[in-house]
Amino acid sequence: MAKDLDAYIAALRGQFIDVDAVFGAQCWDQFSHYAMWLGVPAWPTYTNAGGTSPHGGYACNVHHNAASAGLNEWFEILPATVTPRRGDVVFWEYGSAWYPSSHVATVLEVLAGNRMLRCLTQNPGAVQIADLITDGIVGYLRPRVAIVGTPDAQRTSALTTKERSEELEMANHYIAKTEAGRQINAIFNTQSGFFHEFESRDGEYNTNVARTFGVKDPTSLVSVSHYDAVKRDAATLRAGTA
């Protein structure tokens, strides 16, 4: 049976989708919800369903292990070199410049020049339509079921000044490093450059941070050089958006 993408977008736009009820409304939750709407059981959509390598716990791991998770029953597994279609699921690689913790979204339209994709996406913020750069894409999942409809692919309205301020201060990622016998943690925002560090001392406090900001230990524990690079990039981003 064909699936009407118009109806899906109308029902989800502006909502916060949290499929697994942990880590809040992440980009993966929108993908999992979309896949189940297409008829896929929940488990094969999980990041580690097909294996924990190379980036267990991160959205891109779904694409890396799509075949072993059995997702080829519902999707064609395609490389980054194909031209996406409306309804395809697009994945960005872990460590990519724009999405260092990877990302996943639903393609609505390829924009002129093939440099941007208009997508249905979540995190930061609720489910919305936004234009996302193609740099760092690792590949696509193309639904085997027919996708019909011509969705209203107008971008989500710009945030008010107050909403933008609140969003820019909100962390949407977490990483940690071990240095000199101490674990140093950071919560940060990939759009604003907000970056807050704290040391691991209070286990309950860190559990709450994990629940709120998406800690997937031990995958959030990165090398010192990686952590320091993210910190520098955040500072550069803050300087550029000040």
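Residues are numbered from 1 along each chain as its sequence is written, and side-chain values use heavy atoms, with hydrogens and water left out.

Q: What is the mean pLDDT of the protein?
A: pLDDT is the predictor's confidence in each residue, from 0 to 100. The mean for the protein is 81, and 80% of its residues reach 70 or more. Over residues 214-219, though, the pLDDT is below 50. Where pLDDT is low, the predicted coordinates should not be read in detail.

Q: How many helices and strands does the protein have, and what makes a run count as one?
A: Both are DSSP runs, numbered from the N terminus: a helix is H or I with at least four residues, a strand is E with at least two. On that basis the protein has 6 helices and 11 strands.

Q: What makes Asp135 and Arg115 a salt bridge?
A: A salt bridge needs a side-chain nitrogen of Lys or Arg within 4 Å of a carboxyl oxygen of Asp or Glu. Here the N to O distance is 2.6 Å, and the two side chains meet in a salt bridge. Asp135 sits in the loop between strand S6 (128-133) and strand S7 (137-143), and Arg115 in the loop between strand S4 (101-110) and strand S5 (116-121), so the pair ties together parts that are 20 residues apart in sequence. By the salt-bridge rule, the count comes to 5.

Q: Are Asp135 and Arg115 buried, partly exposed or exposed, and how do you know?
A: Buried means under 20% relative accessible area, exposed means over 50%, and partly exposed is in between (1.4 Å probe, protein chains only). Asp135 has 31%, so that residue is partly exposed. Arg115 has 42%, so the label is partly exposed again.

Q: How do you know that Asp131 and Arg118 form a salt bridge?
A: Their closest N and O atoms are 2.7 Å apart, which is inside the cut-off. Asp131 is in strand S6 and Arg118 in strand S5, 13 residues apart. Arg118 has a relative accessible area of 14%, so this one is buried.

Q: Which residue forms a salt bridge with Asp228?
A: That would be Lys177, with the closest N and O atoms 2.9 Å apart. Asp228 belongs to helix H6 (residues 224-241) and Lys177 to strand S9 (residues 173-179), 51 residues apart. Asp228 is partly exposed at 24%, while Lys177 is buried at 6%. Lys177, Glu179 and Asp228 are also linked in a network of salt bridges.

Q: Why are S5 and S6 called paired strands?
A: Two strands pair if DSSP finds at least two bridges between them. S5 and S6 are joined by 6 bridges and run antiparallel, so they pass. Leu120 stands opposite Ile129 in S6. S5 and S6 form a hairpin with 6 residues between them, and Asn123 in the turn has a positive phi of about 75°.

Q: Is Gln30 buried or exposed, and what does it contact?
A: Gln30, found in helix H2, has a relative accessible area of 1%, so the label is buried. Contact means heavy atoms within 4.5 Å. Leaving aside neighbours within four places in sequence, Gln30 is in contact with Tyr8, Ala105, Thr106, Leu120, Gln122 and Val127.

Q: Where is Gln26, and why is this residue called buried or exposed?
A: Gln26 lies in the loop between helix H1 (5-12) and helix H2 (27-37). Gln26 has a relative accessible area of 18%, so buried is the word.
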